[in-house]
Amino acid sequence: MYLTISQNVFTQELIIKKSRFITHLARIHNEAEAQAFIAQIRKEHYRANHNVFAYVLGDNDEIQRMSDDGEPSGTAGVPILEVLKKNQVHDVVAVVTRYFGGIKLGAGGLIRAYAGAPADTLANVGLVERILQRELHFTIGYNLIDKVQYWLSEHQPSTPTINYTDQVELTIAVTDSEVAAVQNALTNLTQGQIKFTLGDEIFAERPYNE
């Protein structure tokens, strides 16, 4: 399980002492995607004074990158990176575009701005938990469908996928640690009149509230 942003891409703008700070967030799977997103933002905002970025990749943030993009060292990229880490988001890139408004912020003001803009954007986009699960397929007779569906409604948070053929084929998603218990429960419920097949690993998402 890990946290990430609730949308693939999200953008928000803040005005701080007449400077425009536009935060762009995106989900990424590797450094190539991160660099491509950064390049895209730089192309779209080529007139901006700065396009500062930071990103984190990996279950334990094994890859961490940032750039001040011309702002005084340590006043831009590091604050953005620290916000990503503080919020415990993974596989996310943040680019903060700045259009200078004529008022210098000073080192402290820059740090607050480059931390505040992405922090506010993360709060507004919202976070989700991504949970690694496995598809569990099973087949039962029509005489058991009501009993099985009732059990699933009581014990499984997700709605099963159902395919009606000569029998009823259902698919649910469970964590690997839950597979054996679910199989045992459904086997007992149906008195063994059920056939299971393990499917692919998938990620399920649910809103995250601290």
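The face of helix H4 (residues 145–155) turned away from its buried side carries three named residues: Asp-146, Tyr-150 and Glu-154. These residues are exposed, meaning over 50% relative accessible area with a 1.4 Å probe and protein chains only; buried means under 20%, and partly exposed lies in between. Helices are DSSP runs of H or I with at least four residues, strands are E runs of at least two, and both are numbered from the N terminus.

This is a predicted model, where local features need pLDDT of at least 70, side-chain atom pairs count only at pLDDT 80 or more, and totals for chains, interfaces and linings use all residues. Residues are numbered from 1 along each chain as its sequence is written, and side-chain values use heavy atoms, with hydrogens and water left out.

The buried residues of H4 are Ile-145, Val-148, Trp-151 and Leu-152. They lie on the same side of H4 because their arc around the axis is only 130°, taken from the directions from the helix axis to the C-beta atoms. They pack against strand S7 (127–140), strand S9 (168–174) and helix H5 (176–189); contact means heavy atoms within 4.5 Å.

Strand S3 (residues 19–27) is mostly covered, with eight of its nine residues buried. Two strands pair with S3, each antiparallel; pairing takes at least two DSSP bridges.

| Partner of S3 | Bridges | Residue pair |
|---|---|---|
| S2 (residues 9–16) | eight bridges | Gln-12 with Thr-23 |
| S6 (residues 92–99) | eight bridges | Val-93 opposite Ala-26 |

S2 and S3 also form a hairpin, with two residues between them. Lys-17 sits in that turn and has a positive phi of about 50°.
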